[in-house]
Amino acid sequence: MFDANSLIAAIVRSGDRAAFAALFDHFAPRVKGLLMRGGAPAELAEEVAQETLLAVWRKAALFDPAKASASTWIATIARNLRIDIARRETRSRLSQVYEILDEEAPEQPDAMLSGAERDARVRAAMTQLSPDQYRVVELAFIEGFSHQHVADHLAIPLGTVKSRLRLALSHLRGRLEDLR
């Protein structure tokens with residue numbers, strides 16, 4: 001008589017390969033059939049069945065016959081593996097969709113033109129700033145320096161950097177109001 005609990009115990013006790021082979025022969029076709037009844041293609045079901053039995057080999061010490069029967073424990077492992085595979089497939093398909101969307105959406109000529117016009121207007125508005133304000137804006141927004149780094153770079157207090165930025169942005173906002 002087939003006793004899965006004893007076979008799992010033999011695997012835990014001594015890494016008994018014969019016990020594992022008996023478990024594999026008994027449960028692999030059952031797991032595959034279970035997955036195929038759930039809609040998995042035969043190839044995938046066979047792959048998941050093999051992964052399931054491999055997990056049984058690795059996790060045999062975690063099996064507790066007081067919590068569930070061996071067949072329930074093995075079916076749970078198979079179900080969880082199938083869910084993991086489905087999640088990976090979904091993520092993969094979504095990333096492929098995003099890649100296709102990114103490739104299919106080249107920038108429109110009118111958007112490119114308006115972007116170039118906008119850039120030119122911002123550059124022209126920046127030339128209207130005082131040299132001190134221009135330098136602070138340049139370092140903070142074009143060079144990407146932190147406010148503290150701008151202060152250190154120009155050897156001026158941090159409060160002065162923030163004040164110049166606030167005044168410069170207020171000036172630019174007034175000149176570029178219609179771009180919003």
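A residue is called buried when its relative accessible area is under 20%, exposed when over 50%, and partly exposed in between (1.4 Å probe, protein chains only). The structure is a predicted model, in which local features need pLDDT of at least 70 and side-chain atom pairs count only at pLDDT 80 or more, whereas totals for chains, interfaces and linings use all residues. Residues are numbered from 1 along each chain as its sequence is written, and side-chain values use heavy atoms, with hydrogens and water left out.

A pair of aromatic rings is described by the distance of the centres and the angle of the planes. Rings of Phe, Tyr and Trp (its six-membered ring) pair if their centres lie within 6.5 Å; planes under 30 degrees apart count as stacked, over 60 as edge-to-face and the rest as tilted. Searching the whole structure on this basis gives 4 aromatic pairs. Helices here are DSSP runs (H or I, at least four residues), numbered from the N terminus. Phe 20 is buried at 18% relative accessible area, while Trp 57 is partly exposed at 28%.

Turning to another pair, Phe 63 and Trp 73 are tilted, with 5.1 Å centre to centre and 45° between the planes. Phe 63 sits in the loop between α3 and α4 (70–104) and Trp 73 in helix α4, so the contact ties together parts 10 residues apart in sequence. Phe 63 is buried, with 11% relative accessible area, and Trp 73 is buried too, with 15%. Finally, ring pairs join Phe 20, Phe 24 and Trp 57 into a cluster.

Definitions and conventions:
Helix = DSSP H or I, 4+ residues; strand = E, 2+ residues; numbered from the N terminus.
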